[in-house]
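Biologist: I would like to learn how to read a model like this one. Can we take it feature by feature?

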Amino acid sequence: MADLVKVEDVSFRYGRDEEYALQNITFSVREGEILGIVGPNGAGKTTLLSLLEGLHQPESGRIIAAPNLRTGILFQVNGYFDNLSVFENIDMFQSMYHNAYDFEELDRIVDLEDIKGKKVTELSGGQRQRFFLALSVLNRPDILILDEPTTGLDPNARLMLWNLIRKVTGTVIVTSHYMDEVENLCDRVCFVDKGRLFAVDSPKKLIKLSHVKGYVTFSCK
Ligand code: ATP
């Protein structure tokens with residue numbers, strides 16, 4: 001598999017007087033994989049995503065992306081219209097892109113039939129994540145970035161979202177607090193703690209590592 005993104009010896013801190021949020025991080029994102037980033041609170045997961053998204057620049061090291069990559073990001077906070085229905089929101093965003101999925105294509109990936117007539121304010125947590133997922137894949141991204149997409153969802157809604165994420169074609173990067181989540185979902189996993197990348201490996205191999213072992217008790221069940 002070709003590398004879509006290479007992260008090479010990247011360090012980052014939010015200010016000159018701050019601790020390093022990330023230190024000497026090196027890994028690649030391979031085409032077509034679901035790559036997990038797992039670690040405890042404050043490990044640096046969201047910071048790492050923000051560098052991959054280009055929101056921050058590394059203080060040292062570099063991030064090299066394949067040319068013309070389209071990135072999809074799961075919006076949590078804004079970027080949609082509360083008082084419009086799911087269908088109307090999607091219709092509006094479709095008109096902004098050149099090559100967006102049409103509603104039927106999107107429905108096949110994300111299952112929107114039961115929520116298409118509902119206003120965003122009327123959606124449950126799990127339904128809302130489904131709608132966000134639909135928005136984030138609308139423009140056929142080469143890489144989809146999901147920051148803790150299942151936080152706050154009940155076990156059934158989590159399972160449903162995992163199934164939908166697996167149906168997304170292309171490459172997915174997903175952060176999580178839960179080892180069992182990345183074990184279920186991901187081809188490979190980066191384990192980060194205190195700004196350091198301790199290992200990148202298949203979930204099966206990763207959970208055998210001593211540093212990670214103490215962490216496998218963190219389960220989303
Ligand atoms: P969580 O699982 O709790 O979301 P995380 O792994 O995503 O945590 P980050 O949010 O990336 O961790 O935080 C990494 C470190 O950077 C932490 O020490 C945090 O306090 C610090 N940090 C995060 N955002 C900022 C910011 N805007 N300004 C200063 N420091 C920040």
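This is a predicted model: local features need pLDDT of at least 70, side-chain atom pairs count only at pLDDT 80 or more; totals for chains, interfaces and linings use all residues.

Biologist: Where do I start with confidence?

Modeller: Then look at the chain average. Here the mean pLDDT is 89, and 94% of the residues reach 70 or more. The model scores ipTM 0.98 and pTM 0.91.

Biologist: Which elements of the chain have the lowest and the highest mean pLDDT?

Modeller: Helix H8, residues 210-213, has the lowest, at 69. Strand E2 has the highest, at 98.

Biologist: Now salt bridges. How many does a search of the whole structure find?

Modeller: Nine. Take Glu33 and Arg188. Their side chains meet in a salt bridge at 2.7 Å, N to O. This pair links distant parts of the chain, 155 residues apart. Glu33 sits in the loop between strand E2 (22-30) and strand E3 (34-38), while Arg188 belongs to strand E8 (residues 188-193).

Biologist: Are Glu33 and Arg188 buried or exposed?

Modeller: Glu33 is buried, with a relative accessible area of 1%. Arg188 is buried as well, at 13%. Both values count as buried because the cut-off is under 20%.

Biologist: What does Arg158 pair with?

Modeller: Arg158 forms a salt bridge with Glu181, with 3.8 Å between the closest N and O atoms. Arg158 lies in helix H5 (residues 155-167) and Glu181 in helix H6 (residues 179-185), so the bridge ties together parts 23 residues apart in sequence. Arg158 is buried at 6% relative accessible area. Glu181 is buried at 2%.

Biologist: And how exposed are Lys116 and Glu113?

Modeller: Lys116 is partly exposed, at 32% relative accessibility. Glu113 is partly exposed too, at 47%. Their side chains meet in a salt bridge of 3.0 Å, N to O.

Biologist: Let us move to the ligand. Which residues surround it?

Modeller: List the shell before you look at single contacts. The ligand is surrounded by Tyr14, Ala21, Pro40, Asn41, Gly42, Ala43, Gly44, Lys45, Thr46, Thr47, Glu148 and His177. That shell divides into four nonpolar, six polar and two charged residues.

Biologist: How much of the ligand does the protein bury?

Modeller: Compare with the ligand alone. Taken alone, the ligand exposes 630 Å², and the protein buries 57% of that.

Biologist: Where do Asp9 and Asn68 lie?

Modeller: Asp9 lies in strand E1, residues 3-12. Asp9 is partly exposed, with a relative accessible area of 40%. Asn68 is in the loop between strand E4 (60-65) and strand E5 (71-73). Asn68 is exposed, at 77%.

Definitions and conventions:
Residues are numbered from 1 along each chain as its sequence is written. Side-chain values use heavy atoms; hydrogens and water are left out. A salt bridge is a side-chain nitrogen of Lys or Arg within 4 Å of a carboxyl oxygen of Asp or Glu. Helices (H or I, at least four residues) and strands (E, at least two) are DSSP runs, numbered from the N terminus. Buried means under 20% relative accessible area, exposed over 50%, partly exposed in between (1.4 Å probe, protein chains only). pLDDT is the predictor's confidence in each residue, from 0 to 100. A residue is near a molecule or strand if one of its heavy atoms lies within 4 Å of it. Accessible areas come from the Shrake-Rupley method with a 1.4 Å probe; for residues, only the protein chains shown count as cover. Ala, Val, Leu, Ile, Met, Phe, Trp, Tyr, Cys and Pro count as nonpolar, Asp, Glu, Lys and Arg as charged, and the others, Gly among them, as polar.
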